[in-house]
Every structure is written in structure tokens, then in C-alpha cells.
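Dear colleague,

Please find below the structure that I am handing over to you.

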Amino acid sequence: MVTKLRRRRAFSALIYHRLSSVMAALFIVGYLWMILIPLPPLSQGTYIDENALQPAQVNTYWNWVDVHKADQYLYQLEALRHNNATSEQRAVFIRNEFSKLGLAASIQMYEFSTSSGPVRGHNAYAIMASPRASGTEAIVISASWISCIDEGSNTPNMRGISTVLSLAAFLKNQSLWAKDLIFVIGDNYLDGMHAWLNAYHGTIPSNLNTDLLQHSSGVIWTALNIDYSGHSFSHLGVFFEGLNGRLPNQDLMNSLYLIATYTGGVPVTVYDHLDPSEFPNKWEEMSIFPSWIPSAIRKSAYAQLYSYRARNVLRQLGYQARGRASGVHGLFHKFRIDAITLYAVPATGPHGFHALGKIVESTLRTANNLLERLHASFFFFILTSPGTFMKIGTFLPSAILISVAMMFGGLREWVDAGVTQQHYTTTSKGDKTPTTKVKWVPRSRPVLHALIIMIITHIMGIALFSLISTRWYMDSNSTCSLALVGLSLFLPSIILQGIPQPSSTAAPVWMVLKSFNLCFASTIISITSLLNFSLAAALAVTLGLPLTLASPSSIASPPLIKYAFYCILATGWLALCPREVADAIWNWEVLGVWFGPFVCIIYVPLVIQASLVCFYQS
Amino acid sequence: MDARAVFALLVSGRLGLALSFPWLPDALKYDHMLSSPLTARLRLQEGIFLYQHDIDPYSGSAFRHSPLYLSLFTTLLPIISSPTACILLWTAADALAAYSLVRIWRARAGGASERDGLVAAAYLLNPYLFLPSLGLSTSTFENLSILLALMFACEGSSSPALLAFALATHLTPPLSSLLLLLPLLGVLLSGPASSLEDPCTFTSPALRMTRLGAEYLTYVLVLGAAAAIVVGDDTYTLKWGWVGQTWGTSLTLPDLTPNIGLWWYFFTEMFDHFRPFFLGVFSIHLVIYIMPISIKFQHDPLYASFLLIGILATFKAYLTLADPGLFLSMGILFPEVWTYLRHPLPTFLLHLHAALLLPLLHALWTSHGTGNANFFYAATLVMGVANGAGVVDWCWAGMRIAIGGRGGVAGGRKIRVKGGDGEGVLEEEKDEEVKTTHSEWELEEGWEERWEVVQE
């Protein structure tokens with residue numbers, strides 16, 4: 001028993017002593033892993049997991065007649081645009097065209113009320129009943145009025161809409177559909193489709209005023225959104241990120257990749273990123289490496305491959321971490337629908353309606369083959385290039401390692417807070433000279449103080465969010481944000497004034513506060529990584545080292561630089577990127593994206609707590 | 001602040017929350033973490049509806065509550081369909097349970113103290129207890145009956161204690177009460193005062209124990225007969241079909257609705273011909289703990305019952321969050337042990353992880369469709385580890401305190417260390433240049449003898 005106790009003691013002492021190096025190693029490996037994510041050996045080739053899909057195994061019937069029809073629709077749409085047709089006129093035109101085809105078509109009017117004013121429009125949609133089955137399942141083919149170029153900045157998606165219209169005319173003549181086909185033309189960029197989907201599923205939020213849908217169909221399993229705004233296209237880009245970091249089943253993208261390559265003869269890219277190996281003379285502008293690195297290194301094939309994949313990964317990270325939908329397809333995922341956008345990358349050639357129609361026809365046939373929903377577990381991935389992806393096990397550890405390091409830091413602070421050294425002098429029996437001894441005295445930890453501070457900061461986070469989502473803040477953005485950042489500089493002293501000091505024998509509050517802060521942040525990172533890896537990685541980068549390194553100042557006055565750093569880290573984004581703030585608020589109010597509230601209620605308080613740690617004096 | 005004011009504030013705060021968000025009970029009633037097939041209000045409503053329409057509610061498999069609930073909610077309080085009245089009743093039950101916990105604390109500490117408010121807060125603010133209660137899960141009444149039984153036992157009134165415990169036997173799965181019977185009798189016989197620091201052998205007056213046991217059995221049978229009359233067609237026939245549907249459920253596990261426990265997934269995956277064997281293994285496994293814990297902590301049966309509640313909260317069938325909630329809240333009764341806990345923060349963090357993972361992975365499985373049952377099962381394993389860590393730590397600390405050596409401070413109060421020389425501070429060994437971590441103290445001289453005492 002005694003040896004067991006001693007052994008255990010020696011072991012924990014060993015870990016305790018090496019803790020700093022263990023933590024440093026975890027941080028280094030974690031951050032390095034994140035940097036290495038685009039490396040080719042970490043990715044693997046895509047494959048089809050669901051055997052029923054059978055992509056690119058059918059003959060397609062889409063032909064030049066249908067392309068001609070698409071051209072005719074395009075002329076009419078352009079005429080509408082030329083005459084500055086209102087949203088209602090456009091919807092009426094599309095509804096009429098659907099009706100002429102003999103489909104059950106209708107218009108949906110909607111209006112969102114947001115803090116930046118009302119958002120309204122008209123959607124047109126049509127439902128083609130399945131000739132083969134009872135219509136319990138459905139596939140959506142959609143296009144929105146505005147293309148996803150520059151996040152919906154007013155480039156009309158004319159050819160996308162003409163493709164949907166001509167596809168409706170073409171697909172109606174086929175008898176092999178086992179699922180209902182729903183054609184939807186959403187108004188504006190995201191809000192139209194969002195209103196339609198909510199009305200379809202009966203989940204109308206309180207800020208949405210809309211008509212109920214006249215026609216309905218079964219459960220939607222798959223959705224293809226077509227985005228074709230240029231004259232012609234060279235590549236077909238895949239956009240797949242949904243709201244709140246949700247991803248569609250990877251099989252859908254993999255099928256599209258096979259179909260586009262083998263049926264359509266169109267090269268596939270991720271987003272609108274072109275592969276630098278196809279454009280040897282453009283490598284310099286496609287490289288992510290800074291120009292001071294020797295061009296021989298930057299020009300090497302491996303570096304180009306790395307930077308191509310790194311751009312893809314960073315783009316996915318940007319969409320996913322902010323919970324943004326990268327296109328209209330992103331709205332579908334919430335309703336358990338696998339959806340992607342087929343983006344025709346604008347170019348002078350060589351492809352057009354003919355290739356796109358064939359690809360969509362074949363992809364719909366693939367989706368039509370499904371007998372059950374696509375398998376679970378194919379939802380967690382990073383698409384590094386159209387043909388390669390990373391499984392969850394190859395990227396998740398990077399964020400988890402950092403969160404483990406933070407957890408270790410928090411636990412060490414907790415242990416340290418529990419004991420203190422006391423020097424005392426004794427006279428031993430042999431000689432009479434007094435010797436100074438050190439003994440370790442246990443002390444109580446001011447747990448309640450630290451918890452109260454944490455709760456106050458989180459409540460202030462809620463207050464911050466409700467403040468910046470008011471109409472008034474939106475109107476007087478620039479002055480308010482500066483005032484808020486300034487206020488955050490004074491907050492710590494205000495908070496600390498209000499908290500009673502613990503007894504002098506107890507551990508200092510900052511130790512317990514830092515311990516809880518690190519443990520809580522670590523928990524948040526590791527839990528989030530399951531749901532939204534990009535957000536967890538972003539948190540690991542912004543919180544990992546700063547929170548671990550927060551420590552009270554030793555000089556009498558608080559060192560302003562350190563303190564200001566934390567304040568800017570916490571609330572600087574208010575002043576530095578007002579557009580992001582406005583977007584995040586809009587996304588929360590209209591689309592229900594959690595990113596804005598999450599930052600205000602979780603992220604900001606965590607950093608403020610670290611700044612409070614710095615505010616204490618050791 | 002005055003304990004009474006704190007209590008009133010907490011109860012009215014809860015009530016205010018529940019009444020100002022009247023959609024909460026409805027939003028939470030389907031939650032698998034907060035209510036099991038044995039405690040769901042939805043099923044209770046179904047059973048009452050069948051009962052009122054003269055259909056035996058136990059003939060199907062939807063209703064598994066005790067018949068006593070049927071009589072309560074059809075005759076005494078026919079309020080099950082009124083949400084506001086339900087919220088009032090459930091809050092009252094919670095308030096009563098918190099009050100019993102305070103009374104147990106007073107009995108143990110020997111009178112009212114400034115800590116009373118804290119004890120009430122530990123029960124009323126515990127989210128594991130608060131949320132099931134908002135979801136109107138009947139686990140609230142299970143916890144109430146157990147706490148009432150313990151309260152009466154601590155105060156030495158044996159008949160009310162045994163009656164309350166017989167009620168608990170009817171309301172909870174039978175294994176739960178079987179586990180707690182022995183320590184409860186121990187509390188009745190040797191009192192609630194803390195003797196963890198000063199272990200001594202328990203001399204049991206066998207006759208008195210048998211008499212108490214017989215009294216308890218009588219109460220159970222009387223309540224059982226009442227239940228049989230309730231279910232019977234008219235007042236003169238007894239029907240015993242409910243026994244298999246209520247008590248039998250936790251032994252035969254007919255309903256595999258997911259919950260936070262460790263049973264459901266195991267039996268979902270299992271081939272049918274192994275079921276009887278493993279049902280036996282799982283049930284007997286629970287019973288195994290009774291004797292060791294009761295013998296080890298014979299000097300402090302209240303602590304033994306606390307530990308057994310923790311074991312139940314880890315291993316029982318049809319677990320809901322209310323079970324670990326009761327265990328965690330009862331920890332407030334033993335402040336003398338706190339300083340001996342070896343890993344309170346990791347236990348708390350495990351619970352934090354589990355509490356966040358459970359709803360998240362449940363949603364990934366059932367609503368997002370991006371995960372499957374294994375995801376939720378993994379989260380229940382985290383919950384199991386969290387509960388296990390808590391039980392092991394409290395078990396260790398309860399034994400470790402007898403050796404003394406850490407005249408620690410618990411919440412600013414100096415704890416009296418019996419059997420030691422009062423010096424709780426230990427010197428560091430000089431030859432080892434090791435900074436002793438908080439949990440690993442050099443032991444006092446002569447600790448080995450005292451360790452022997454604890455070991456016996």
C-alpha cells in the first residue's frame with residue numbers, strides 16, 4: 001500500500017514537473033498540425049460510399065433543342081431585367097412559364113422584419129408529380145435571382161434561372177422519376193429561398209410574414225442549386241457549406257465530381273478556385289506564400305499544390321467558422337436536405353447550357369436512385385481539392401490537442417491555487433543554529449468569487465449582443481463601436497470594485513479565475529470541434545495561447561499594453577470590421593446563424609476574463 | 001442572508017422562471033435526457049387517459065408509472081392536463097425536497113447553521129434537478145420520497161421514515177430501494193451525526209432491525225394492495241398486472257428508448273438469446289454494492305446511503321439526469337469530506353463535458369441526421385465516467401478522512417480532525433526536491449495504524 005502510494009506520488013510529481021514542456025509540446029503539435037492540414041499525404045481520394053447512387057452510369061437525353069429553349073427563356077428574362085421589372089412581375093412571369101408546361105405552379109410572397117429594415121420579395125415554384133411513385137420524397141432544383149458571386153452582390157443569375165426553366169420543360173417528358181421534382185426560383189440571394197423552405201416545412205419564424213404554400217410535396221432529400229451568371233463557363237465549381245457550419249453528405253459532391261468529369265466533360269473545382277497546375281503562367285497570383293520566399297520554392301509543384309489546397313481549406317474555414325452559407329444550398333441543410341450549388345465559373349468558354357444540362361440531368365438521375373437517406377458519418381470532412389478530402393480523424397486532433405493543453409494549464413493553476421509556501425525557522429535537536437525550512441500549506445480557493453466574475457462577464461456578453469442587434473446601433477455604427485471598445489477598457493476595474501475580496505489566507509482570485517477560464521475555454525473548443533471544426537480551430541487559434549499566457553502584472557500599475565491587447569482581442573472587431581458585425585446580425589435575425597450570439601456570449605467574456613486576470617496584481 | 005429568505009427567493013425564482021416561460025415544459029417533455037419511459041409526463045398523461053376511460057393502462061406497454069400516481073392524479077389532484085397547476089405542484093415537490101435536504105443537514109450538523117441557505121441552493125439551483133422538474137418528469141417525486149425517508153430517518157422517527165421509503169419503493173424501480181434499505185435502517189439505528197473521522201464498529205440490535213424491516217415490508221404490502229385496488233375493475237377486486245409493468249420494467253428492460261444510462265445501447269445491440277443472462281448480470285451487479293458499502297461505512301450510514309445513491313446514478317436502468325443530480329446535491333451534506341476529495345475539478349469538468357455533449361450528440365443523431373446512435377452512446381459513456389469519477393472520489397475521501405492529516409478549510413470553516421494530533425500541515429521531505437501536489441500529502445506519523453482501522 002505504501003509503495004503504491006509513493007509510486008503514485010512520484011508519478012504525479014513527474015507529470016507536474018514536466019507540465020510546462022508537455023503543454024508547450026501540445027501547443028506546438030496542435031498549431032503545426034493546423035498548418036499542415038493542406039499537405040497532400042493527409043488527404044485521401046474521394047470515393048462513393050453509397051452503392052445505390054451509381055453516378056455517371058446513365059445515358060443522358062438533354063440535347064441542343066433544350067439548349068435552344070434555355071436560350072429563349074434567357075431572352076425573355078433579359079427583357080424583363082431591361083424593363084426593370086419588379087420582383088412580383090418576375091415571379092409572375094416564371095409562374096406563368098411553369099404553368100404553360102402543365103406543372104402545378106404558384107407564387108409565394110414574403111417579408112422579413114430585421115433591425116436594418118424589412119426584406120421582402122416573391123418566390124415562384126412548381127411541382128412535378130413523380131410518374132413512378134406516390135410522391136413521398138422529392139428533389140429540389142433551384143436557382144435564386146441573385147448569383148452567389150461576392151456573397152450575393154447583385155449579379156443576376158439569368159442563365160441559372162433559364163436552366164431551371166428549360167430543365168422543367170425537359171424533365172416533364174421523362175417517365176423515370178421516382179421522386180417528385182420541385183423547381184424553385186427564389187427571390188434575391190438567400191432570403192427568398194429561406195422564406196420558401198420555412199413555409200414548406202411549416203417552421204415560420206416570428207419575424208417572417210409570408211403566405212402559406214399552395215402546393216406541396218413529400219420529404220425533400222436532395223437539392224441542386226444552379227448558379228450560372230456569366231456568358232459561358234470553363235469549370236464547374238462546387239459550393240457546399242451551410243448555415244451554422246453544416247455540411248451536406250459528401251457522396252453528393254463525389255457523385256457530381258464523377259458525373260461532371262465523365263458525362264459532362266467539364267473539370268470540377270472547389271468554389272471558384274482554379275487549379276494552378278492548369279494555368280502555369282498564373283502561378284504567382286495563385287500562390288499564398290509571401291513574395292520574400294524565393295520564387296524557386298514558390299514555383300515548385302509541391303508548393304503550388306499546397307497553396308491551392310490551403311486556399312480551399314481557408315475558404316471552407318471562413319464559411320464554416322462564421323456559420324455562413326456559401327450559397328443558396330446552405331439553407332437546405334437545416335432541414336436535413338443534402339444540397340450543393342453548381343457554380344458555373346465565368347469564362348469565355350468552352351461550356352454552356354449543353355454541358356450544364358447534361359450534368360444536372362445525370363446528377364438528378366443519381367439522386368433519383370436513392371432508396372434511403374445518405375449514410376451518416378460522411379458529413380464530417382474537409383474538401384482539400386475536388387478529388388481529395390480529409391476524414392475527421394486527420395484534422396480533428398489539431399484542435400483537440402490545443403484544447404487539452406489549455407485544460408492542463410487550467411488544472412495546474414487549480415492545483416497551484418490550493419497550496420502556498422511558508423517559510424519558517426526551526427532549531428533542530430543536534431545543533432542550536434536555526435534553519436529555515438519551507439513547508440507547503442493548503443489554502444482555500446475563492447471558487448465563488450471566480451464563478452461570480454465569470455457569470456457577470458457572460459451576462460455582459462448577452463447585454464452586448466442585445467445592444468449591437470438594435471436598430472439604433474446599426475444606425476450609429478462607427479461612434480458606438482468605438483464607445484463600446486473604450487467601455488471594455490474600463491469594465492475590469494468596475495467589475496473588480498464590486499467583488500468583495502476573499503480572506504487574506506485564501507488563494508488569489510486570479511488563479512482560480514484563470515483556472516476556470518482555461519478549463520471552460522478548453523471544454524468549449526473540444527465540444528465545438530464535433531459540431532463545427534472550423535469554429536473550434538478559430539477559437540483554438542484566438543484563445544489558445546492568449547488565455548494560457550494571461551498572468552497578473554508584477555509592477556504596481558497594470559501594464560497597459562498587455563491589458564489593451566486583451567481588450568482589443570475581445571471587442572476590437574466591433575470597430576475594425578463593422579461590415580462583418582452587420583452581416584452577422586443580419587444572418588442571425590433572418591437566417592438564425594449562431595455565430596453572432598456565440599461570439600458575444602462565449603468568446604468575448606472568455607477574453608475579458610483573461611484581461612481581468614491581467615488586471616490583478618501578483 | 002437569512003436561510004428562510006434565501007429559500008423563499010430560490011423557490012419564487014424557480015416558480016417565476018417556470019411560469020414566465022410556459023412553453024418550457026412542452027419543449028422539454030420529449031427530451032430523452034430529462035425523462036425516461038418510467039418518468040415521462042407524456043406517458044403518465046396517457047395512462048391517466050386510459051384509466052379514466054376504463055381501459056387497464058397496464059395492458060399495453062406505454063404506461064409504466066406506479067398505480068399510486070394514477071390515484072394521485074385522478075382523485076386527489078386531477079391537474080395533469082393543466083400546465084400551470086403542474087408547474088406549481090412540481091415546484092412544491094422540489095421545494096419540499098430541498099427543505100428535507102436542509103432538515104437532513106440540520107440533523108447531521110446538530111442544529112440550524114448559516115449553511116442552510118447553501119444547502120437549499122444546492123438542491124434548487126442544480127440544473128440536473130431543475131430541468132427534469134421543468135420538463136415535469138416524475139423523477140422529482142422519486143427524489144422527494146427518498147429525501148423524505150432519509151429526513152425522517154435522520155430525525156429518528158422510524159415509522160414516517162419507513163412509510164416514506166415504502167412510497168419510494170413504489171415510485172422508483174425496486175432495485176433502487178433495495179440498495180438503500182440497509183443504510184436507511186442504519187441511519188434509524190445509529191443516527192445521522194458525522195462519524196467519518198472516527199470510525200467505529202456498528203453493533204446492530206438484530207431484533208430491532210428485524211422489527212423495522214417487518215414494518216417496512218408491511219407498508220410496502222399495504223401500499224401494494226392499495227395500488228392493486230386502484231387498478232382493479234371495481235373496489236373489491238385486486239389486479240396485480242401492474243407489478244410486472246412497473247417494478248418488472250427495470251429488471252426486464254422492455255423499452256429501449258435512449259436515455260443517459262449504460263443499459264439501453266447494450267441491450268439494443270444484443271442478440272435476444274443473451275438477454276436474460278445479461279439482464280441478470282446488470283441487475284445483480286447493482287446489488288453487489290450494497291454489502292461492501294454498508295460494511296465499509298457502517299459507522300456513518302448516511303454517507304453509505306449517499307454513496308449508494310451515487311452508484312445508482314451511474315449504473316441503474318432508465319437513468320435520467322435527476323439521478324446524478326440527487327447525488328451531486330447531496331454532496332453538500334458532507335463538508336468535512338470536501339478537503340479530502342482528490343479530483344473535484346476534473347469530476348466537475350467531466351460533468352460539464354457530459355452535460356454539453358449529451359444534448360449536442362442527441363441532436364446530431366435525431367434531428368440533424370449527421371450522426372447516429374453511437375454518437376449519443378459515446379456521450380452517455382462520458383456521463384458514466386463523470387458519475388463514476390464522482391462516486392470513486394467521494395468513496396476515497398470518506399475513507400481517507402479517518403486518517404486525518406489535512407485539517408483543511410472547507411468553505412472557510414476549520415474542520416475538527418478527530419483522532420489526529422491536530423497538526424494538519426505536513427512537511428516536505430528534504431531529500432526529494434519535489435513540490436508536493438495538492439492531492440499528494442506526506443502522511444502523518446502513525447497513519448498506518450489508523451489506516452488499518454479504516455481497512456477493517
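**Confidence of the model**

The score in question is pLDDT, the predictor's confidence in each residue on a scale from 0 to 100; helices (H or I, at least four residues) and strands (E, at least two) are DSSP runs, numbered from the N terminus. Over residues 408-448 of chain B the pLDDT is below 50, and this stretch has 72 contacts in the model beyond near neighbours in sequence. A contact requires that the C-beta atoms of two residues, placed from the backbone, lie within 7 Å. Chain B as a whole has a mean pLDDT of 83, with 87% of its residues at 70 or more. The model scores ipTM 0.87 and pTM 0.87.

This is a predicted model, in which local features need pLDDT of at least 70 and side-chain atom pairs count only at pLDDT 80 or more, while totals for chains, interfaces and linings use all residues. Residues are numbered from 1 along each chain as its sequence is written, and chains are lettered from A and ligands numbered from 1 in the order in which they are written.

**Chain A and its sheet**

Chain A contains 19 helices and 14 strands. Of its 618 residues, 48% are buried, that is, 20 or more other C-beta atoms lie within 10 Å of the residue's own, with C-beta atoms placed from the backbone.

Nine strands of chain A make up an open sheet of mixed pairing, in the order S6-S2-S3-S5-S4-S7-S10-S8-S9; two strands pair if DSSP finds at least two bridges between them. Strand S6 (208-210) and strand S9 (268-270) of chain A are the edge strands. Within chain A, strand S8 (residues 232-239) and strand S10 (residues 338-347) pair in the antiparallel sense over seven bridges. A:Leu236 has A:Ala344 in S10(A) as its bridge partner.

In helix H15 (residues 509-531) of chain A, 21 of the 23 residues are buried.

Yours sincerely

Terms used
Buried ≥ 20, exposed ≤ 12 C-beta atoms within 10 Å, placed from the backbone.
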